[in-house]
Amino acid sequence: MKNKEKIGVFICHCGTNIAGKIDIKNLIQKNSGKENLFFFDYPYFCSEPGQTFIKEKINQLNLTRIVIAACSPSLHEKTFQKVAQEAGINPYLISCANIREQCSWVTLDKEKATEKAEKIIFSHINRVIYQEPLFVKEVEIIPRVLIIGGGIAGIEAALQIARSGKEVYLVEKEPSIGGHMAKLDKTFPTLDCASCILTPKMVEVRENKNVKLFTYSEVEEVSGFVGNFKVKIRKKARSVNLLKCTGCGICIEKCPVKVDSEFDMGLSKRKAIYIPFPQAVPQVPVIDRENCLWFTNNKCGVCKKICPFSAIDYNMEDEIVVEKFGAIIVATGFSLFNPETIYQYGYKRFPNIFTSLEIERLLSPTGPTSGEIILKDGKIPQEVAIIHCVGSRDENYQPYCSSICCLYSLKFAYLIKEKTKAKIYNFYIDLRLTRKGGEDFYNRVLEEGIEFIRGKPSQIKMQKDGKLLIECEDTLLGKIRKISVDMVILSTAICPEKSTPFLARILGLSLSQDGFFQEKHPKLAPVSTMVEGIYIAGCCQGPKDIPESVAQAGLAAAEVISLIDRKKIEISPIVAEINEDYCSGCGICIELCPYNALEYNSQKIKAKLTPEKCFGCGICVSACFAGALSLKNYREQEILAQIEGIL
Amino acid sequence: MEKIVDKIKICIQCGICSSSCPLNFAMDIPMRKLIGLIKAGYTKEVLKSRTFWLCLSCYFCKVRCPKKIDLTHIMYNLHEICLKQNILPENKITLQIYKAFIKVVNIFGRNFEPLMFFLSLYKFPKKFLRFLPLGIFFLKRKRIHLLPYKIKDSENLKKILKEAESIEI
Amino acid sequence: MKYTYYPGCSLKSTEIGYEDSLKSSCEVLGIELKEVLDWNCCGATIFPKLSYKSYLLLSTRNLALAEIYGEDLVTACNGCLNALNRANFYLQDNKNVLEKINGVLEKVGLNYHGKIKVRHFLEVIVKDVGEKSIKEKIKKGIHGIKVVSYYGCLYSRPFSSEDPQNPYYLETLLKILGAEIIDFPSKTNCCGGILTISEENCLKLIKDILEEAQKSKADCIVTICPLCHINLQLYQKRIKIFMPIVYFTQLLGYSLGIEISKLGKDIFSLKGLLK
Amino acid sequence: MKDIKILGFLCQWCAYQGADLAGTSRLTYPPEVRVIKVPCSGRVSSHMIFKAFQKGADAVFVAGCHPGDCHFKSGNIIAEKRIKVVKSILDTIGVEPIRLDFFFISASEGVRFKKVVEEFYAQIEKLGSLNLKNGK
């Protein structure tokens, strides 16, 4: 086809990132003079003057199509689309050639890189000729927000959004909100009490009329798109009527069954009907059907008999709630690494070895020992060891740094020293105390006379006298040391929450290498995801402390509020198109479409497309033998032209 | 040596290898330090050390290393480098055992413990005499073959063993 | 069930009892073993120290010979298991080295394609034969015998489907046979290997193991490796701790009703306990 | 010998991001490997693959998200199946089926992207360039 379009090709130097590898001057010289092609180069086209330069050239030369040869379209395609639009060209008449991530950065040889860049650029020139102007559509945003996870991040985000007057659904899988923070005793480095600062927020969640609380509930299905997500929530049968119950607790008192308390990390017992902890929100118990005698043996029934408000309902069934949301925030937090898999540290094999959350419960005044640090035999420990990086920074387990263990280990050292006067050893590899006040706190801990040994212990052995022997090389002294202690604390790693892969699948999010949710951009879009309208906050994105989680929650809330206040959102025009004249009515596409956007029109014996439901994957297009279907911006002739150019 | 440096680049000197080693009490340089010395280029000190000659191939260091460095393999490499430069270990018997083992395998294609035992210790009469009663006590309790078995293709094996020395890996 | 069998040198020279008990147990369990034809030493832990290339050649020759049979290769010696596995994985990761080694092997008409799996006999019995069919064939059982299981280093480290520091198949098997299992934290500690001959320090390792077994009041230590077996047995006189050491195949064979005289002499030390 | 040309179709959610990550991590791979972005690996039609061979590609690969990770639920699985069919067609017309392959590459697998294309490249290099006598 003879090209009648005037095409502007803008090649970016990206400083030396591209220009250092690709001989742009030569490339332009070789190709200048070709009919209807206009080449330009510039150090940074993404910069303000760079953008102005493009606009000027468009207007001067009356360009009709644009090819930008620069970094990956994932980064700046939007920027250049905007530039084109401002200069009067339809944003879908530009094409971005990726000559940085997929050419200059991955090729050693300069000549080869230049050759490859040329091919890439020409493949986009070929394609841009065939591109057609497309126009974005607008849809309304539903002013309701779903937050998954009721830990500190979820609570903070919920409150921020609710305060702005928008409706929030807060879904938590446990019987109470509060998350891990509710289990903590004091928070580093200021040593203020965790529940003293968390409880008021939990109460506010309960009081705020804009927050609809769904505890003991899980998200099961998500469909739709930004502005209009359709979500299925399963409210697990609590067996206690939330409206009738006053939280008097008489049922709990009379329940005969005792099982390990999850909240106290198995260090104390709870009943089969229980409220996980005193400050729980809501203050309504739940029946653990796996252990309740009524459900296991069809006996007992004491709680029902005794309840003065007849709030107990054994016949309660799971309830499914389906609701539409404009945006979703995921704040599902983390799970703690199980050190049982590290055989040499003897967790669960020997007594008096604790994980960090277990110690938090021991330290807590509301915990199983009312805040006293005691051994299994009731004695006060004389020597305590704290082992850092258990499961973290270890290729055999979690390769990443869990970020907060150093500081919480120092916190344990300080608090235990204060309570027991024991001698305390910290076994560390590197101390990473980068948070505000971290170094001051380190100094305070050093002044307390707490010992620091740089070395990763190789094993913990049980001695005859019941003490635990830690073997370790003190790497600063170059000496093998064997230290016997009464108690060992394992500063265990922060792992992705167990439901993370499932949620990633139903939400369409991707996971990073560590198994946490992947953010859209590590620096500039830390709480956004690749799916528009879904945000992440807190530890589900990676290990972090409370201030960071709160900051992320605030940012996620701000993003959501700004999204909803836009009232309308543009949706991508890249959808399928059908030419009914060609359709033979075979129905293959209908079966393949993942979104039910195609239906069978039995009257016409043809497929019928609903563009609003289409997400633009193009699966139907490539399966259509008749060539009746096409995908806008990725039509067959566009891609074929691109193939021709690149080879 | 450069190949070794390449493998230990990611070492964070945590010291778990040193304290995991069952013979760490007998070493002059802890393993972690040995790795550090290699990294820093103190090749002479490294090769003079007796640390790696004590390697029992128990792989505790390898499976516990948080960076998954194959330390056992590095210990093996150090043996090889030493022999190439003719640096011999303090404990002469260790090397003699190794040499005896290789000799027996070279001749027969398989190992034969009694013969290997003899070849290892006959140059060290004191040690030999200490072991003799143990050996006899042991042999009395066992049914053993009295003569070594020579594999059929032993000549060819010897030939290709020699040839293998010339390949580059 | 068919397997290719690599005995290793020890089973053919000093540890004949181990091989006898292994083979007779296999017969009862219906396992068909085909010995690799004209196999050679695997290189153990000694060849790789002095010349890694020679070691690769030795092990690869065995692998190439075993590949002809097409079944999984089983061995009952930890040293051989480790040497063959190490070579196998190394060559699978470094295809260029495999090509070079094959270049040498071709001169004796061999070629290794890297397609074999090397396994320990213990794993075969627990995983492939399985609890059900062992239980069906048990005639006597070893009820009442208190055992500690000692794996040594090279069974679970560094290549194993089990926890490298806490393997459990041996306990699983002994439990099936009816023995009383005593927890033995030193189960994968090192016995000193070949260096026990030259390094007096290694005696401490053996002493620690024997001491712990004695303290736990076990009747015997069950081993799965000829070298561990020799080390634990040989130095008892010098350390002055006496403790019967038996192979797992001997207890297995006994349970399956094989005559005690066919199982090797080690098991005589347990005669008083076996009914 | 003339240069080998390899064309890849990468889904924009996973494989293309993986290729970008290989770039951001400054990993290198043969410059003869060139890629085209598609919205989903399921968009790649058999027509496009044949066209690529016809226009001089010596090998073609399609890469999408890992099973279960597809942004469009199942486009990658459909693509994988389609590739198998196209492979058998290639076989009947005398093109070695190994010149076409399907890979699962996630957005976080920059290193894997490099590894996969390098291995694929080496495999095709051994095979030599494709000689299509009279086109198709």
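**Reading chain contacts and a helix pair**

Analyst: In this predicted model, chain B and chain D have no contact between them, and their closest C-alpha atoms lie 17 Å apart. Chain C and chain D do not touch either, with nearest C-alpha atoms 12 Å apart.

User: Okay, then which chains share the most contacts?

Analyst: Chains B and C do, out of four pairs of chains in contact.

User: How do I read two packed helices?

Analyst: You describe them by the angle between their axes and the distance between those axes. Here, take helix α10 (residues 154-164) of chain B and helix α4 (residues 52-67) of chain C: they pack at about 140°, and their axes are 8 Å apart. Angles over 145 degrees would count as roughly antiparallel, so α10(B) and α4(C) are oblique to each other.

User: What is the handedness of the crossing of α10(B) and α4(C)?

Analyst: α10(B) passes α4(C) in a right-handed crossing. On the α10(B) side, I160(B), L161(B) and A164(B) make the contact, while α4(C) brings K53(C), S54(C) and L57(C). Sorted by class, that contact of α10(B) with α4(C) has four nonpolar residues, one polar and one charged.

User: And what about the contact of chain A with chain B: how many residues does each chain give?

Analyst: Chain A gives 16 residues and chain B gives 17. On the side of chain A that touches chain B, the largest share, three residues, comes from strand β25 (residues 468-474) of chain A. By class, that side of chain A has six charged, six polar and four nonpolar residues.

Terms used:
Residues numbered from 1 in each chain as written. Chains lettered and ligands numbered in written order. Predicted model: local features only at pLDDT ≥ 70, side-chain atom pairs only at ≥ 80, totals over all residues. Axes fitted to C-alpha atoms, helices over the stretch in contact; angles between N-to-C directions. Helix = DSSP H or I, 4+ residues; strand = E, 2+ residues; numbered from the N terminus. Parallel < 35°, antiparallel > 145°, perpendicular 65-115°, else oblique. Left-handed = near helix turned anticlockwise from the far one by under 90°. Contact = placed C-beta atoms within 7 Å. Nonpolar A, V, L, I, M, F, W, Y, C, P; charged D, E, K, R; others polar.
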